[in-house]
Structures are given as C-alpha cells and as structure tokens.
Amino acid sequence: MRVLVCLKQILDPDVPARDFQIDPDARAARRGGANLVTNIFCENAVETALQFREAAGGDVKITALCYGESSAEDCLRKAMAMTVDEACLVERDGNTNPDAAAVGRVLAAAIRRLEQDGGAFDAVLVGRESGDWGVGQTGGVLAEELGRPALGFVESLQPGNGSVTLRRQTDVGIEVAEAEPPFLVTITNNEDNVPRIPKTRDVMMSYRKPLQKLSLADLELDSEEIRAGSSIFEVEEIFIPADEVECELAEGDTLEERVDQLATRIHEVVASIG
Amino acid sequence: MFRVGGTVPVMDPTQATREVFWNIEYTWLVYVLMVPTLAVFGWGFWLKIRRWRSGQPALRFDRPGERLQLFLRNAVGQGRTIKRRYAGLFHTLVYTGFIVLFLATTVVAIHHDTPLHIMKGHFYLIFQSLIVDIFGLFVLVGVALAAIRRWISKPKLLVYTDEASWILVTIFVMALTGFMIEGWRIAVTDDPWAAWSPIGNLFALGSDPWMTDTAMQRGHVIIWWFHLVVAFGWIAWVPFSKMSHVFTAPLNIFTANLDGYGGSLKTIDFETAERFGINHLGDFTWKDLLDFDACTECGRCTDVCPANTVGKSLSPRDIILDLQGLMHKRGDEFLGSRAGNGNGDGGNGSGELLPIIDQKTAVSPEALFACTTCAACMEACPVHIEQMPKIVDARRYLVMEEADFPEGMMDMMNSLESRQHPFAGTQFSRVDWTEGLDIDVMAEMDDPHEAEVLMWVGCGGALVERNRNTVRATAKLLKKAGVKFAILGREESCTGDPARRVGNEFLFEMLAKGNVETMERYGVRKVVTSCPHCFNSFRNEYPHFGGSYEVYHHTQFLDQLLESGRLDGNGAGGRSNGSSTITFHDPCYLGRHNGEYDAPRNLLAQVGGARQVEMERSRNTSFCCGGGGGMAFVDEPPDQRVNQERAQEAVDTGADVVAVGCPFCATMLDDGVNARRGDRDVQVRDVAELLWDAVGDSEEAAP
C-alpha cells in the first residue's frame, strides 16, 4: 500500500505577538525573526499515516510531499525522521502565497508524476487547514484535481479487509466510515495523533533517505498561471487589528445610581456598535 | 603461682612482651587455614576487578597529585563520612579501630615470623597493649552504636538487610572474643603488664572470681580458635559483602571525577556509537561499575534527593544498588554484553544485551525522569559515587533510542528544535527586554570586538516575563560600571542545557555547535550570564565543542566590579529596599556544580538595612528549587512539588526576601513561595535586582 502525506511549511504560529509583522504591500506576513515550522495539522497527518502503517503491520510505504521553498526541506527531513519512507519537494517559484487552487493543482501534478514512477497512492492525507492562512481548501481542491472521493476532519485510519476504516469528527460526534482506496482525507488533530518526537538515530538516518526535488517545469503544468498564484480569491488588505481599551467609570452617589448609569452605558455602547 | 607456658614476669619495662601463640598448639594450622582464606579473598576481588575491566574506558588515573589529596582527605581522613555526626562517630570508631588492630596483627606477624622481635618494651606496652586495647574498645562501642541505629532507631535512609546485621554481629564477636582471649591469658599467666591492657585486664578480673585457671585456659583455646575461624571466614567474605567497601571505597575516591559535577556528563561520538545512552551494563565505564561496588548502602544520597524528599519514586541509592544487584547476578552473562556506546573503542557486541531500564522500579523511566540533576546525591556520597551522570545516561537511552519521555519535556524539546528556546508560547522576543536601555547587539556593531564582554541573556532571562527585570538590572549595573558589553540578540540560542539534562545529547550538541560558531564569528572571549545553567554549559561543556571562554555568572562579575571599585558600592550602606531579612537560595548549577557560594552573598551585603539569614540547607548542601534537569517544564503532581518544599524552608527562615541567582529558581520559587507564604509578604528577587535597588541610580530603581 502507498500512502502520501502533504506537508506545508509555515511561519511559526507561536511567534511572539511583538515579533509578528505584516508587509502591507505584499499583503502577507513578514518572516522577521520568526522560525519556519511544519504546519501542525500536517504533522498530525504524518503521525496518522505512521500509526496506520504500524497497525497494518508494515506493508505500507509513506511518501511526504511538499510544495514550498528550499527551506521546506527541513519539514520533509523531519517527516523522514519520524520514519516516513521517502519525500519529494516541489520547489516553489514566483508567488510566495499561492492560493489553495494553485497549490492543489501543483500537488495533483506532482502526485501524478510520483504515481508514474512508483505506483498509485491508495490514500492521500492532507492537513485540515494551515496555521498561517487557515483557508482549509487545499484538500478539497486536490481531491477534485485527482478525481478522488474525499472525507474531511478525519482523525484516524485503521486497516480493514481491503478497505480502510476512517474515524472523522463531526459537530454531533464521531462518524466511522469504510473507504475503498484510492481516496483522500483531510486530517484533524486528536489526542492520539500528537506528532511523535523522532528517535535520534532516525534523525540521523533521515539525511540518508531519498529526497526527490522537482520544479514546476518538471510537472506538466501551466506554470505561468501557477506562478501568478492562480486565484480563487484575492487578498485585498491585511492588517493587525488594533486593540483599543477605553476605561470609563460608572458614576453616581449611590449604588443604585451607579448600576443605572452602568446599564445605560452598556445599552449605548451596544447600540453604537450596531 | 601456677603458671603455664614460658611467660616469666620481669618487671623491667624494657623487657616487657608476651608470648605469641601462648596456650596454642598446632599453630601451623593457622598458616594452613590462611591459604584458603586469602585464596577466596583474592578470588572475590579478582572477580570484581574482572567485572570492572569489562566496562568502557575512562581516564581516571591522571592527575595523581590531586587524586592523592582527595584520597587523603576523604578516604583516609573520612572527610565526608564525618559530616553526619552519629554515623560519622561510630564509623570513625570502627574504622580507626580496624586500622589499629590490623597494625597490631602485623606487629605480631613481624615479631613472630621474622627475626625482628619488635613486640617488646615500651612499644609493646604503649602501642601493642594500651593503644590496641583502647581502639579495640572503639570497635565494640562503634558497632554497638551502629547496632542501636540499625535495630532500634531505624532511620529511613538505611537498607535493612541480613548481611548488614551479620556484619555488625561478626565484627562485634571478633572484637569481643579478642578481649576474652587476652583477658584469660592475662589471668592465667598472671601477666605483670596486665594494667597496660585495661580492657583485657577487665575481662581477667571479671573471670577470675568464678572461673578456675583450667577453665579459663580451656576456654582460651576454644575461643582463640573460634576467633581465628570467625576472622578468617570474615576476611574471605569481605569481597562478597558490602564490607568490600574497605577496599572499593578508597579506590573509588582515588578515581573520582575531579572536574566538578558540572562537567560530569560524557560526550557521545554520534558517528561511531552503536547505541545512544545506556541501557546495558556493558555500556558503562569501568568507573561506573566500580561505583556500584563501592556503595555502602548508607542512603545519604536518597536522603538528600529533592525528588525523593517530596515523595517521588526516584532513589539514587536504589538505582546504584539495583544496578549493583544486576551486575552481580549476571556474572559472565553480563561480561558477554560488552559493546560500544561511543565512549570508547567499541567491543565485540557478542551475547544478548540485557536491558537495565525497567528491570527494577528504581531504574524505571518514571524514577529516572524525576531527577533534577542537582547533584546533591553526589555531594552527599562519602565514597564519591556518581549517581547523576548514570541517571542522565539512562535518560539518553530513553530519549534518543526510545523517544520515551514526559510530555512537558517533549514540548520543551520541540520548541528547542524549531525555535532554539524552550519556552513555547512566550510573548517576548529575545530583545524586547532591552527597550529603552540602548544596548549594543553584536550583529549591529561596526566592530563587535569593541565589546569587552558578551552579556549572554539566556532564554530564561529574555523570554520569561518575571526574569526580564533581572537581565535589565544586570545590564543597568554593567552600564553604570562602564563595562563595554554587547548581546547577541536574536542570534542567541539556548545553550542546550535543558536538552542535555533531559538526555537529548544530539539536540544539545547541535545547539552548542551553533552557539560556538556564532560566538566565534564575533571573537567572543569573555561571557557574563545571569543563568547558572548557561554558565555551566559555557564553563564545563562548551570546551568539548571548541568553545573556550572566560565565563562569569553575573554575581561573580558584579562582585568583581564592586571589589575593583568600577561599580560604586556603598559597603553595607546601600539603599534599603524596605526588606529586613534576606535569605539566599544557592542555585545548584552555580553552587554545587561550580563551587561559587560567596559572590552572591557579597552582593547581598550591599543591601542597606537588611541582614542575611541562611536556610538550613545552604551552600553545598543547598536543596534544589525543582527546576533543573528539564523539570521546570514538567507538571509535578500537586503533592509532590520540590519548589514548595524549598519555598517552605525559605519562608521558615522569617526572611521577607528570598534572593535567587537563576531564572529557573526565580520562577520555581516564585510559585512555591506564593503557595507557602500565607499572609506574609515574601518576595523572590534576583541578586541583580536587589543590587540595583541598593546601589543603582535611585530614580531608576527597580519596582
């Protein structure tokens, strides 16, 4: 069985508030002093895949795929340290903030390319959303591009008899589904798919595992359109909301007067916000 | 007068002596019995030595001069043993008694078996009779005191084994029978020098009224042989019991780590290591294996262990004893398990490798991960056993080979890996604290070499709100003294201390190499830091990674500035901050690990109007705040918090200020003091903050 996990490298969401800056012209966050990390839901996806392989008894090959800058190699190395078998980086050029449509198309092209070389992927795992933009569309777009059935908010995969049992989170509870490969799932977090810390030996070994690099030219894609960032939506403006605190004291001689005053002001303020 | 044998009373003291083997026939049997005795004794120690030699190499016979000094102080001089009064007293009695009695036996042997008839005259009377009698009594009294402790008062720190009881019984029997045979010889021979053997004489006088000479003479023969058999049997038993410490302890002290606890962790060669960390006895060094055999079960390590004190399962004594037990049980099976762990030259790796972790509760992951690496155990050990590095060795195995460790440590390591600091979720950057202080950052300086010293801020100083005041105070004091200093700012990374203590040597090495590279780029030679953990890494660990610096803890540097007059102090006449009593909590990594106790106290003397009081456990016996060894990142069970135990001790001194010199101690004790201070106003302040209050520019005095 072949499993593919898609990864995204993002700006550390834990960056201290004061260090978080945005570039209004580029309409994106500035890197500044912040670190780059693997998106947490993508790491949950890696962990879910690893647990699936363990439950299946080993006959599962896991590939990690990323569309990003060369720095994203770190994410793939880390995935391989977590014992993912192989990795592929599609190097991004042009637009640094491609939208989900562009990313989905690049990933789909890359997957087709990888499938040509090594056989079809039975399951494709994508994080449910990224910690930077949080659009949450990549999984859907990718499923559409690949023409595969997809389920969202999956938290675990269990091997069954020729099928895979999926557990997914819904608003009303956990839904269990049987899926025939090939399929795509977006992975959410639960207490069981907390990404593991790699063993040191695996960290060292990760540098000896194959890491394939592809460029957009290697994929049969209209790369001009991809470079432009595609567009299912456009960011018009980006800003950090300013917190304004105004303090006002309810006045009055007696407690009742002050309570009256307070209630009146609350009404006024609520009315003014509309 | 009825007399047996050839003793002739001659009242000339220069001729005083006694007959060796009086009343004893078949004396050749003594020599015959000695052969198997010494053979078993030798075989026993040979087994031990063979076992030790199967360990990995360690350099522990270098610097003979220093080793001899340590040997004289703590082996011969019992320097550490006597630190506990009761145990120190009885051990000294038995120990000195044994030495004197051994010398006496040697004198007898020389006198009898060589042409040198030395056992006569004043030497016979004063040493061989009087002094030997007194020290024989010491043994009896010492053993009695030990027995009272073991059988009546029963302190928690002891291990109650039959072996230990038998040791007391047999020593007591040997000493007692010695006096019996001496007494009966005196009585029967009517020894004219009886008065010089007061205890033997007491037995003589006690026996005389109710025993006939014949009975005494017959009793003498029986007890004499009984004494000999017990003594020989005992000697043969020594290598197989904890009495072997008579030899292993001095050897262990001679081969002790001379570099201080702060430099006691091994480095790993990741290129060649077959395994990371230790989960097999054969991966320990010979010195580690010797440690196991040197243990006397005194329990002081566990008694002072902070984790054990608050009720956690960690017991350094039991770790050593459990490993000793496994080592003894395994014999050749164990010898076959030799293999390389990167500390040495590798090995043949033959035989099945028997794991040590989880074989016994003392070496369970839970116990191992309770260690704060405070080194109180090592400081307390009378025979210099190195418990803490072994705990870290085992943690390394769990962390690097098994990826098995507490959750808090996992978050910390994740953060270290992706952000180079352990405080995930901090709201601060590394330079936020400098706001308004105009501090040079090396990367922004035209010539970074202009900086006389690098102020290493540390993650705990820059990223934890509570400690930013400490680094601000330190920086302001440096400025006031006119010190040209700079910081690395965003280029600073964690030194790797928490990773190393937890057992992630790989991560530590990466961080260390990165920092060494950065500092190399700016030609840093001198470092001052307010974090004792960073201080220890720079001082003791970075030299292994190519980074050698002149390193100061901020209290040391400020103390020097005061002393040299660069920083204008006012003697004890600094401003008062309103506190009347200050108690200083020694950080483990400044005090015990690196031997600095006075600098922070000197600085506190500057605080006007306040007197210093000491906690019961201070200086080298200081009690950890609970934050070392990565424990600052672990949630402790509410009823097992080391910081509260320590805070209580601080609060109990009556002090209104608990002074600290470490960002981890500051946060740990802040929490602890708030939980334990009751209605009292007790503050936790760094020494630098207090010093700034006292001698800083008044309008800027810290709040």
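**Close-up 1. Salt bridges across the interface of chain A and chain B in the predicted model.** Three salt bridges are found across the interface of chain A and chain B, and one of them joins the side chains of D12(A) and R419(B), with a nitrogen-to-oxygen distance of 2.3 Å. On the side of chain A that touches chain B, the largest share, four residues, is supplied by helix α5(A), which spans residues 200-206. Six residue pairs are in polar contact across this interface, both residues of each pair being at pLDDT 80 or more.

**Close-up 2. Extent of the interface between chain A and chain B.** The size of an interface is often expressed as the accessible area that is lost when the parts come together. Between chain A and chain B the buried area is about 1900 Å², and carbon and sulfur atoms give 51% of that area. In terms of residues, 19 from chain A are in contact with 28 from chain B.

**Close-up 3. The open, parallel sheet of chain B and the helices that pack on it.** Four strands of chain B are arranged in the order β2-β1-β3-β4, with parallel pairing, and form an open sheet. Because β2(B) (485-486) and β4(B) (550-553) stand at the edges with a single partner strand each, one side of each is left without a neighbour in the sheet. Strand β3(B), residues 526-529, runs parallel to β4(B) and is joined to it by four bridges, and within this pairing V527(B) stands opposite V551(B) of β4(B). Helix α21(B), residues 532-541, packs on the sheet and touches β1(B), β3(B) and β4(B), its direction making about 160 degrees with that of β4(B). Helix α18(B), residues 465-480, lies across β1(B) (453-456), β2(B) and β3(B), and runs at about 165 degrees to β1(B).

**Close-up 4. The surroundings of H593(B).** H593(B) belongs to the loop that lies between β5(B) (581-584) and α23(B) (598-604). Its relative accessibility is 3%, and H593(B) therefore counts as buried. Leaving aside residues up to four places away in sequence, H593(B) touches G260(B), Y261(B), G262(B), T373(B), C374(B), A375(B), M388(B), N536(B) and C588(B).

**Close-up 5. Parallel pairing of strands β6 and β7 in chain A.** Strand β6(A), residues 61-68, runs parallel to β7(A), and six bridges join these two strands. One position in this pairing is Y67(A), whose bridge partner in β7(A) is V90(A). Strand β7(A), which comprises residues 86-91, is mostly covered, with five of its six residues buried.

Conventions:
Residues are numbered from 1 along each chain as its sequence is written. Chains are lettered from A and ligands numbered from 1 in the order in which they are written. This is a predicted model: local features need pLDDT of at least 70, side-chain atom pairs count only at pLDDT 80 or more; totals for chains, interfaces and linings use all residues. Side-chain values use heavy atoms; hydrogens and water are left out. Two strands pair if DSSP finds at least two bridges between them. Contact means heavy atoms within 4.5 Å. Axes are lines fitted to C-alpha atoms, for helices over the stretch in contact, and angles run from 0 to 180 degrees between N-to-C directions. Buried means under 20% relative accessible area, exposed over 50%, partly exposed in between (1.4 Å probe, protein chains only). Buried area is the accessible area (1.4 Å probe) that two parts lose on being put together, summed over both. A salt bridge is a side-chain nitrogen of Lys or Arg within 4 Å of a carboxyl oxygen of Asp or Glu. A polar contact is a pair of N or O atoms within 3.5 Å; within protein, one must be able to donate a hydrogen and the other to accept it, and residues adjacent in sequence count only if both atoms are side-chain atoms.
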